[in-house]
Amino acid sequence: MNVFEKNSNIFNLLSEGISEGIILVNTKQEIVATNSSAEEMFGYDKDELIGNSLDCIIPKRYHHKHSEHFSSFMEKSEKRKMGNGRDLSGLRKNGEEFPVEAGLNPFVLYGNSYVMALVTDITDRKNYTQNLEQIVQKRTKQLTDALEKEKELNELKTRFLSLVSHEFKTPLSSILTSSTLLSKYTETDQQENRDKHINTIKTKVRQLNTILNDFLSVERLELGKVNYSIEEFPLSRLVNQVVYDANMLLKTGQDIIYPDNIDEVLITFDEKALALALSNVLHNAVKYSSEDSIIKILFKVEKEFLILEVIDEGIGIPKEQQKHIFDRYFRAENALLIQGTGIGLNIVKQHLENLGAILTFISEENIGSTFTIQIPKASKK
């Protein structure tokens with residue numbers, strides 16, 4: 001230490017202009033000199049480190065190996081970067097650890113061997129690197145999610161085009177066939193046959209009109225161009241009309257059980273939206289149920305909601321696909337051979353939610369489904 005005291009002016013002149021911390025140690029690993037940058041970095045007052053063991057600025061967990069590393073370094077006596085390839089930590093006076101980089105330079109002065117450590121606090125760089133890694137990871141995840149969504153969108157478009165093609169092709173083929181056959185029935189006594197094909201054409205045209213209305217509803221919902229009319233109306237009127245229309249679709253032996261407790265019930269809601277929702281759910285129950293099955297409509301009153309339930313004994317929805325049932329254009333695997341666009345439930349759910357109502361379901365494959373419409377007693381206006 002005396003040699004640096006004798007040459008303190010020269011050492012100070014050389015070291016104080018350096019922003020990195022300088023720490024000089026002898027072969028006993030005693031600190032013999034520092035600059036103010038090192039003292040500030042490790043939280044010590046001026047000259048407070050002098051005479052202390054180097055261990056005072058090294059985390060305790062490294063002590064048992066440090067003496068061996070130091071001896072080995074002194075034997076080789078060559079410049080090198082300390083801890084190359086490893087994370088290094090320094091220890092402040094208050095016990096706080098922080099990341100550092102250290103370059104080691106051995107030298108001999110007046111016959112004595114020393115090591116000069118040039119220490120850099122890399123906390124900011126480390127934080128920046130970690131933040132950058134987090135940003136990169138976040139951005140990578142965003143890009144991955146975006147690619148996945150794009151992939152799903154492309155699959156959805158492909159499925160949509162295939163769906164539209166199929167849904168339009170089937171009724172158009174029927175219309176073409178019936179139109180062709182109509183021209184063959186020219187005699188008066190063939191009126192029954194003509195009526196049969198005219199009715200087929202009317203049915204298929206209505207079907208096409210329904211599909212087009214569904215697509216237009218999707219567009220209006222996305223553009224926010226839907227206007228609702230909240231009025232009071234008798235629930236029985238709405239249910240009667242929906243059931244009447246559904247009866248036209250019943251398969252052999254199917255039956256709809258009508259609720260017997262709605263005659264005096266008045267609802268304040270958008271009648272068209274509720275009719276669309278109940279109609280969609282009821283038509284699905286008919287469509288996805290077999291012949292000779294029962295479909296029930298139940299009504300009950302709860303504290304905040306009026307409840308309509310449609311219960312069927314149909315094919316049900318596979319459990320693993322139930323989370324997608326309200327997704328636009330989605331159709332469960334067990335329903336792909338049955339006519340449908342996969343739009344209806346998506347549309348009615350959006351309409352109901354816009355009005356503060358809720359559409360939920362429970363379903364078990366090959367057992368049946370229950371769709372529940374919860375209508376708030378205090379409807380949005």
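1. Surface patch. Patches are made of residues with over 30% relative accessible area and no salt bridge, with like charges joined within 9 Å and nonpolar side chains (Val, Leu, Ile, Met, Phe, Trp, Tyr) within 5 Å. A salt bridge here is a side-chain nitrogen of Lys or Arg within 4 Å of a carboxyl oxygen of Asp or Glu. Y128, L132, I135 and V136 form a nonpolar patch on the surface. Together they have about 410 Å² of accessible area, computed by the Shrake-Rupley method with a 1.4 Å probe; for residues, only the protein chains shown count as cover. L132 lies in helix α5 (residues 123–182). L132 counts as partly exposed because its relative accessibility is 38%.

2. Basis. This is a predicted model, in which local features need pLDDT of at least 70 and side-chain atom pairs count only at pLDDT 80 or more, while totals for chains, interfaces and linings use all residues. Residues are numbered from 1 along each chain as its sequence is written, and side-chain values use heavy atoms, with hydrogens and water left out.

3. Chain totals. The protein chain has nine helices and 13 strands. Helices (H or I, at least four residues) and strands (E, at least two) are DSSP runs, numbered from the N terminus. Of the 381 residues, 38% are buried. Buried means under 20% relative accessible area, exposed over 50%, and partly exposed in between (1.4 Å probe, protein chains only). Contacts (heavy atoms within 4.5 Å) with a separation of 6 or more are 60% between residues 24 or more positions apart. The accessible surface comes to about 23,300 Å², with 52% belonging to carbon and sulfur atoms.

4. The sheet. Five strands form an open, mixed sheet in the order β8-β10-β11-β13-β12. β8 (255–257) and β12 (358–364) are at the edges, each with a single partner strand, so one side of each is left without a neighbour in the sheet. Neighbouring strands are turned by 15 degrees against each other on average, direction ignored. Two strands pair if DSSP finds at least two bridges between them. β8 and β10 (residues 294–301) run parallel, joined by three bridges. I256 has I295 as its bridge partner in β10.

5. Helices on the sheet. Helix α7 (residues 235–247) packs on the sheet and touches β8, β10 and β11 (305–311). The direction of α7 makes about 170 degrees with that of β8. Axes are lines fitted to C-alpha atoms, for helices over the stretch in contact; angles run from 0 to 180 degrees between N-to-C directions. Helix α8 (residues 271–287) lies across β8, β10, β11, β12 and β13 (368–376). α8 runs at about 25 degrees to β11.

6. Strand β13. Nine of its nine residues are buried. G368, T370, T372, Q374 and P376 point one way, and S369, F371, I373 and I375 the other. β11 and β13 run antiparallel with seven bridges, including the pair L306 and I375. β12 and β13 are also antiparallel, again with seven bridges; here I358 is partnered by Q374. Their hairpin has three residues between the strands, and N366 takes a positive phi near 70 degrees.

7. A357. This residue is found in the loop between α9 (344–354) and β12. A357 is buried, with a relative accessible area of 4%. Leaving aside neighbours within four places in sequence, A357 is in contact with F269, L352, Q374, I375 and P376. A357 and F269 are 88 residues apart in sequence but 9.5 Å apart in space, C-alpha to C-alpha.
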